Amino acid sequence: EVIDNYQPDLIWFDSWLHEVPEKARLEFAAYYYNRAREWGREVVITRKQDDLPLSFSLEDFEKGRADDLTENVWLTDDTISKGSWCYTKDLKIKAADEVVDTLIDIVSKNGQLLLNISPKSDGTIPREQREVLMKMGNWLKVNGDAIYGTRPWLVYGEGPTRMRKGGHFVGEVLYGPGDLRFTRSKDGKALFVTVLGTPDGPVTLTRVVAKDAGKGKVRLLGSDAKIRHEVDPAGQLVIHPPGGGMPTPFAHSFRLTGFELSLRDQ
């Protein structure tokens, strides 16, 4: 009934799916995917435990994420608040830069973000949540090329801030300008380097070996400023942010093209 009447793009399972007999789970998945083929649409089934094969489902982390780049695509369901999934009095809302930094970290590790908001009982979205969503949207208007349609690179990034663990309920992780995240364009021609903060000097890529035969270009998304760069004797690419300010108040994405890039051994 749910599949035929509503044609959902995503069917999201919480815990206890293993209580459903395996035969019924497989029949459900086959029916859903066959119907989606008839609709001409791509659809997704999530799971939290080992109760559906990853060959046709996505791992979901509740209020969490992977702590490293993964081979399989995964999903996280996370809240815009620091508390309940639903609206409550005195609900503390995350800052926009924290939500955006989390999104960037997720995408760099082959993940997707399912972001929960908490409307009031009359359906209205409180002002604090709307402001975060608007700031997030404004950031994506400028830096969306580093997120939409991208693929992971060889590593998710570099920097001093590390998660204590991966999985569910990882807790608060606050990043700074020394933390960099990598994504690549779908065609593989561009590497995006996103700085999780506003740098106060040159940005040096320590995990990336860069060779520039004179064709290398660096562009700051949202800016027409010419971005200076050089490759030091160790093969580290050094990027000089523009002096006239950055196009967004937090998290800044540079687009690298024309370089021969590889991963430095650690």
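The model is predicted: local features need pLDDT of at least 70, side-chain atom pairs count only at pLDDT 80 or more, and totals for chains, interfaces and linings use all residues. Residues are numbered from 1 along each chain as its sequence is written, and side-chain values use heavy atoms, with hydrogens and water left out.

**Helix α4**
- Helix α4 spans residues 127-143, 17 residues in total, and reaches 24 Å from its first C-alpha to its last, close to the 24 Å expected at 1.5 Å a residue (1.5 Å times one less than the number of residues).
- Its buried residues (under 20% relative accessible area, 1.4 Å probe, protein chains only) are Q129, V132, M136, W139, L140 and N143.
- These residues lie on the same side of α4 because they cover an arc of only 100° around the axis, taken from the directions from the helix axis to the C-beta atoms.
- M134 and K141, on the other side of α4, are exposed (over 50%).
- The buried residues pack against α3 (96-108), β5 (111-116), β8 (190-195) and β14 (252-257).

**Crossing of α3 and α4**
- The axes of α3 and α4 come within 9 Å and cross at roughly 50°.
- The contact (heavy atoms within 4.5 Å) is made by A96, V99, V100, L103 and I104 of α3 and V132, K135, M136, W139 and L140 of α4.

**Residue W74**
- W74 lies in strand β4 (residues 74-79) and is buried, with a relative accessible area of 2%.
- Leaving aside residues up to four places away in sequence, W74 touches residues including L58, F61, R65, I106 and Q112.
- The C-alpha atoms of W74 and P126 are separated by 30 Å.

How values were computed: Helix = DSSP H or I, 4+ residues; strand = E, 2+ residues; numbered from the N terminus. Axes fitted to C-alpha atoms, helices over the stretch in contact; angles between N-to-C directions.
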